[in-house]
Amino acid sequence: MPLALAGCGNFDLPTLGKGSAASGAPARSLLPKPPALQPVAGGAVVVAAPEGYCIDERASKTGRAPFVLLASCAAISQAAEHPAPGFKGLLTATVGAEGSGTEPINPDLLGGYFRSAKGRAALANSGQAADVSVLDTQVRGPAFLLALRDAGPPKRPELGQARWRGFFTANGRMVTVVLHSLEAEPIATEAGLGLLERFVERITRESAR
């Protein structure tokens with residue numbers, strides 16, 4: 001399980017430009033408010049945005065191996081009247097195949113793995129274990145969450161070193177959520193864990209309907 005989980009959500013992020021979380025303050029409305037809900041995997045899982053976040057439909061993939069990107073609603077739409085989160089970053093959710101989440105999450109196994117050299121290498125952008133420091137691991141509700149700092153080169157220059165990952169199951173599928181901090185707007189470790197927890201709660205609640 002740890003090896004499979006390590007690869008979940010390890011997608012290249014799209015280039016950040018107009019309408020992205022890295023954009024400056026939007027000046028006028030160009031697009032309608034982006035959606036806050038995205039059913040994937042035939043409706044088995046509903047990716048649901050926490051407050052202030054919306055789904056970037058242009059950067060998301062809803063077919064096989066669903067991948068959903070979320071950012072500030074105002075930044076995606078470039079509309080000042082649309083909401084923005086208190087802590088700005090990039091959120092992603094990936095959903096595994098049917099049956100990938102039939103086994104319960106084992107926090108002790110995952111905690112030990114991600115603190116090992118092999119686990120830290122799997123988390124690192126560079127693949128080098130020395131780049132990653134695991135700052136905290138917690139169980140919150142149905143999810144195993146971890147906070148880390150990656151000193152290696154980021155996937156995009158706008159991203160900071162801080163990153164958070166969460167793993168949980170929904171309707172028999174493994175769901176991996178990730179919060180990427182922005183270099184210009186750092187997020188404290190506990191605040192990042194709280195935001196990821198709210199993301200998990202939203203997905204779990206909407207997927208249970």
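**Close-up views of a predicted model**

**View 1. Lys 118 in helix α4.** Lys 118 is exposed, with a relative accessible area of 57%, where exposed means over 50%, buried under 20% and partly exposed in between, for a 1.4 Å probe and protein chains only. The residue belongs to helix α4, which covers residues 117-123; helices (H or I, at least four residues) and strands (E, at least two) are DSSP runs numbered from the N terminus. Residues are numbered from 1 along each chain as its sequence is written, and side-chain values use heavy atoms, with hydrogens and water left out.

View 2. Strand β6 (residues 132-140) and strand β7 (residues 143-150) run antiparallel and are joined by eight bridges; two strands are taken to pair if DSSP finds at least two bridges between them. Within this pairing, Asp 136 stands opposite Ala 147 of β7. Two residues lie between the strands of the hairpin, in which Gly 141 takes a positive phi near 60°.

**View 3. Positive phi at two alanines.** Ala 41, a residue other than glycine, has a positive phi near 55° and lies in the loop between β1 (37-40) and β2 (45-48). With a relative accessible area of 17%, Ala 41 is buried. Ala 65, which is not a glycine either, has a positive phi of about 55°, and this residue is found in the loop that runs between β3 (53-55) and β4 (67-72).

**View 4. His 82 and the backbone of Lys 33.** His 82 lies in the loop between α2 (73-77) and β5 (89-95), and its relative accessibility of 13% places His 82 among the buried residues. A polar atom of the His 82 side chain lies 3.5 Å from the backbone nitrogen of Lys 33.

**View 5. The protein chain as a whole.** The protein chain has five helices and nine strands, and buried residues make up 51% of its 209 residues.

Notes
Predicted model: local features only at pLDDT ≥ 70, side-chain atom pairs only at ≥ 80, totals over all residues. Polar contact = N/O pair within 3.5 Å; in protein donor to acceptor, adjacent residues only side chain to side chain.
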